[in-house]
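Please look over the sequence and the structure shown here before reading the briefing that follows. The notes begin with single residues and then turn to the chain as a whole and to the spaces inside it.

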Amino acid sequence: MRWIQLAVGVICMVATANIQYAWTLFVPEIQATYGWTRASIQAAFTIFVVVQTWLTPIEGYFIDKYGPRVMVAIGGVLVGLSWIINSYATTLTGFYVGAAVGGMGVGCVYATCINNALKWFPDRRGLAVGLTAGGYGAGSALTILPIAAVIASSGYQSAFFYFGAVQGIVIFAVAWFLRSPQKGEVNYSTKVAQSRRDYTLSEALRTPVFWTMLLMFTLTVTGGLMAVAQLGLIAHDLGVKEFPVNLYFFTMAALPFALMLDRVMNGLSRPLFGWISDHIGREKTMFIAFSMEGLGIIALGYFGHNPYAFLILSGVVFLAWGEVYSLFSATAGDAFGTKHVGKIYGLLYCAKGIAALMVPLGNILMEATGTWSTVLYTVAIMDLCSAVCAIVVLRPMLARHHARNEQEYRLATGGQAQPVGSAAT
């Protein structure tokens, strides 16, 4: 049963992915049609991410109270409606409204599916959440070329309308197969430390673990989110956007190929690093992944003018970035339990909203310095700081957190404490 739940969650996530990851294909077409500035158009992306993330704690409250079916069904309707609104929009306000509606829809689907994976797979939490989040990260890989083809042949309006309608219908239809686990249906991990009790949101907010994770989440998500929104513009300004990549069987322009490759790498990273974290621990995995991302971004800034280096390095960046959504959600479940994790991770997920506010600053910094390298080096430093923090700060902090939980459990029950991470935790 739980694998069916996981599969349904992945399908829902795949169907929501294009709203975020295909947006970069539409920006040049919208700009060419209306002549608006990049920054004004990209404000729609910022609105989408801010709405998606900042409403997640509220959505988490309803998830914990009413379960997953209704929330995902509502999300499906909003996801489809948002792109239909974009298909008819002729003003910036219209696109902003579409972005806000899309943010609400994706937030409902994303938060619910992640929440469900956390609850069904405590013994394989990293892998399960990674597969679910991977559906969102890689979901647009198969549709990048079809969307680009429809834009080229029929205009961006048609692409918005038809793909939006199909996505919304798919999400609404499969939502009704979701449910939360009953007591006794799942087993805890024997390898990763997991809390003996379920924290309420107010209790979680009083722990240093929560605020450390929020800071690290914000630092690491900023770079990847900026790359998602600006990759098309970065490729254009570096002079590699239209470079023909010869794949022997066919030739493709560098930007669509990079977008397709990045979606695949982004999707693979979430279950891959999630699975690794189930075996070696969340903090060690964070250090490895965040270091890779920081070094990859530095290399992209230095070698990005070479089309092949651009392709390879953008893939490395997305491989090392996508896992933030599996590692932080799994760590939240480990540290605070799952009864109220919808609200707790919902608030933690607001880190993405904070990062979204920094996306337009990338354009401003690039225009001020005349190069994307300055932007890339800045976010690389943020990634490397988070990598060090994972080992130096978060790891010992979590050890004390779990030890304190163990001691409280022993005092409350009068029993013998078991090693942190045992089946009884």
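**Briefing on a predicted model**

Threonine 46 counts as buried because its relative accessibility, 9%, is under the 20% that marks the limit for a buried residue. This is a predicted model, so every value given here was computed from its atoms. The protein chain has 425 residues, of which 59% count as buried, and its secondary structure comes to 20 helices and two strands.

**Threonine 46**

- The place of threonine 46 is in helix α4, a helix that runs over residues 38-54 and supplies at least two residues of the lining of the largest cavity.
- When residues up to four places away in sequence are not counted, threonine 46 touches Ala356, Leu357, Val359 and Pro360.

**Isoleucine 171**

- Isoleucine 171 is found in helix α10, which covers residues 156-174, and it counts as buried because its relative accessibility is 0%.
- Leaving aside neighbours within four places in sequence, isoleucine 171 is in contact with Cys12, Ala15, Thr16, Val72, Gly76, Val79 and Val109.
- One of these contacts, alanine 15, lies 156 residues away along the chain, and yet the C-alpha atoms of isoleucine 171 and alanine 15 are separated by 6.5 Å.

**Glycine 139**

- Glycine 139 has its place in a loop, between α8 (125-138) and α9 (144-154), and with a relative accessible area of 11% it is buried.
- Beyond the residues up to four places away in sequence, glycine 139 touches Val14, Ala17 and Gly134.
- Valine 264 is 125 residues from glycine 139 in sequence, while in space the two are 8.3 Å apart, C-alpha to C-alpha.

**The chain as a whole**

- With its 20 helices and two strands, the protein chain has a radius of gyration of 21 Å, which is close to the 22 Å that the globule rule gives for 425 residues, so the chain is as compact as a globular protein of that length.
- The C-alpha trace of the protein chain spans about 70 × 45 × 40 Å along its principal axes.
- Among contacts in the protein chain between residues at least 6 apart in sequence, 83% join residues that are at least 24 apart.
- The accessible surface of the protein chain comes to about 16,300 Å², and carbon and sulfur atoms account for 69% of that surface.

**The largest cavity**

- Five cavities of 30 Å³ or more are found in a search of the whole structure, and the largest cavity holds about 120 Å³ of space.
- The lining of the largest cavity consists of 13 residues, and those that lie nearest its centre are Ile19, Trp23, Phe48, Asn86 and Ala99.
- At least two residues of this lining come from each of α4 (38-54), α6 (68-88) and α7 (92-120), and α7 gives the largest share, with four residues.
- Which classes of residue make up the lining of the largest cavity? There are nine nonpolar and four polar residues in it, and no charged residues.

**The largest pocket**

- The largest pocket contains about 380 Å³ of space, and 19 residues line it, with Lys119, Val186, Tyr188, Asp198 and Thr338 lying nearest its centre.
- By class, the lining of the largest pocket divides into four nonpolar, seven polar and eight charged residues, whereas the lining of the largest cavity has no charged residues.

Terms used. Residues numbered from 1 in each chain as written. Predicted model: local features only at pLDDT ≥ 70, side-chain atom pairs only at ≥ 80, totals over all residues. Heavy atoms only, no water. 1 Å grid on protein atoms, 1.4 Å probe; cavity = no way out; pocket = protein on both sides within 12 Å on 5 of 7 lines; lining within 4 Å. Points joined across faces, edges and corners; volume = space filled by probe spheres on them. Nonpolar A, V, L, I, M, F, W, Y, C, P; charged D, E, K, R; others polar. Rg over C-alpha atoms; globule rule 2.2 N^0.38 Å. Buried < 20%, exposed > 50% of the residue type's maximum accessible area, 1.4 Å probe, protein only. Contact = heavy atoms within 4.5 Å. Areas by Shrake-Rupley, 256 points an atom, 1.4 Å probe, with all protein chains shown as cover.
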